[in-house]
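Please look over the structure shown below together with its sequence. The briefing after it is meant to be read with both at hand.

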Amino acid sequence: WTGVRLRDVLKDAGAQIDDIPSNVKHIQFEGAEAYGASIPIEKAVDQFGDVLLAYKMNGKPLAPDHGFPLRLLAPGNVAARSVKWITRVRLSDEESTSQWQRRDYKCFGPNISSQEADWDATPAIQETPVQSAITSLRDVTPHSAQDSKLLQVYGLEEDSIAVEGYSYAGGGRRIIRVDVSADDGRTWHQAELLPDEAKGAKAWAWSRWRWVLPRQQAGRCFVVKAVDEAYNTQPGEYEANYNFRGNLTSSWHRVGYRAKPT
């Protein structure tokens, strides 16, 4: 992403970002298609928050469906706050009054129905919880030249399984560990965190990971869970944080496995 820091734009416009007035609690954004959202003022002006008014993605001008000519990028926050096609930025004593801020992207207890939900008393989602997923599960063999190089890295000489995926935590919290299981959580191993080229003051991007194990050690279900630098981790089952909106259900990710016949 390429853009200008929101805090710099606010300062240039005369906002007192280093001595925020007590009545300024949020900063609201409006998009050309009537979408609206807001983030807390502390996030907006944080010198380490990396909030951008972005005009490029991957070195090229934003495509129309990604918010051309200007969009917000609030890293570490749920994507619903990164408003596209921005037409207005407003300092306010209250959060955005839009449907998407007040009546969407909120979480309730697993026992609360849509008819029982108290939308006004429930805060809007901002930072996302720690999460992880398995994105690749493949057999590797020493009989393949390409696979054999990978196996050598991990000191293996037998048919194996390469498991890969991503992990992430909101608020810029760094992923410090990824635990992977080949037997549905009965035993655990630590995956290798792969290097990346992410930029910014904090850990805003996915942390990719990899684990390679002998095929004979694999059970019928692989599981992954991540831990961030505040030692937050994921619940084991979806039932614990189920909600009727389906938001933030970030439990352990499971992928079934069946060995190919030899």
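This is a predicted model: local features need pLDDT of at least 70, side-chain atom pairs count only at pLDDT 80 or more; totals for chains, interfaces and linings use all residues.

Residues are numbered from 1 along each chain as its sequence is written, and side-chain values use heavy atoms, with hydrogens and water left out. The structure holds eight aromatic pairs and 16 salt bridges.

**Aromatic rings**

- Rings of Phe, Tyr and Trp (its six-membered ring) pair if their centres lie within 6.5 Å, and planes under 30 degrees apart count as stacked, over 60 as edge-to-face and the rest as tilted.
- One of the eight aromatic pairs is that of Y35 and W100, whose ring centres are 4.8 Å apart and whose planes stand at 40 degrees, so the pair is tilted.
- This pair links distant parts of the chain, with Y35 in the loop between β2 (26-31) and β3 (36-40) and W100 in helix α3 (residues 99-102), 65 residues apart; helices (H or I, at least four residues) and strands (E, at least two) are DSSP runs, numbered from the N terminus.
- Y35 is buried at a relative accessible area of 15%, whereas W100 is partly exposed at 29%; buried means under 20% relative accessible area, exposed over 50%, and partly exposed in between (1.4 Å probe, protein chains only).
- W119 and F244 form an edge-to-face aromatic pair, with 6.2 Å from centre to centre and 85 degrees between the planes.
- Here too distant parts of the chain are linked, as W119 lies in the loop between α3 and β8 (131-140) and F244 in the loop between β14 (221-228) and β15 (253-256), 125 residues apart.
- W119 counts as buried at 14% relative accessibility, and F244 counts as partly exposed at 25%.
- Ring pairs also link F108, W119 and F244 into a cluster.
- The charged end of K225 sits over the ring of W188, 4.8 Å from its centre; the criterion is that NZ of Lys or CZ of Arg is within 6 Å of the ring centre and within 35 degrees of the ring normal.

**An open sheet**

- Four strands form an open sheet in the order β11-β10-β14-β15, with antiparallel pairing; two strands pair if DSSP finds at least two bridges between them.
- β11 (189-190) and β15 stand at the edges, each with a single partner strand, so one side of each is left without a neighbour in the sheet.
- Strand β10 (residues 175-181) pairs with β11 in the antiparallel sense over two bridges, and the bridge partner of V180 is H189 in β11.

**Salt bridges**

- A salt bridge is a side-chain nitrogen of Lys or Arg within 4 Å of a carboxyl oxygen of Asp or Glu.
- R90 forms a salt bridge with E30, their closest N and O atoms being 3.0 Å apart.
- R90 lies in strand β7 (residues 86-92) and E30 in strand β2, so the pair ties together parts that are 60 residues apart in sequence.
- R90 counts as partly exposed at 29% relative accessibility, and E30 counts as partly exposed at 29%.
- R103 and D120 meet through their side chains in a salt bridge (3.1 Å, N to O), where R103 is partly exposed at 34% relative accessibility and D120 is exposed at 63%.
- Salt bridges that share partners join E94, E95 and R102 into one network.

**Backbone details**

- Most residues other than glycine have a negative phi, and most peptide bonds are trans.
- A cis peptide bond joins F68 and P69, with omega about 5 degrees, and P69 has its place in the loop between β5 (60-61) and β6 (71-73).
- Y105, although not a glycine, has a positive phi of about 50 degrees; Y105 lies in the loop between α3 and β8 and counts as partly exposed at 27% relative accessibility.
- Y231, also not a glycine, has a positive phi of about 65 degrees; Y231 is found in the loop between β14 and β15 and is exposed, with a relative accessible area of 61%.

**Surface patch**

- V4, V9 and Y55 make a nonpolar surface patch of about 220 Å², and V9 lies in helix α1 (residues 6-12).
- Patches are made of residues with over 30% relative accessible area and no salt bridge, where like charges are joined within 9 Å and nonpolar side chains (Val, Leu, Ile, Met, Phe, Trp, Tyr) within 5 Å.
- Accessible areas come from the Shrake-Rupley method with a 1.4 Å probe, and for residues only the protein chains shown count as cover.
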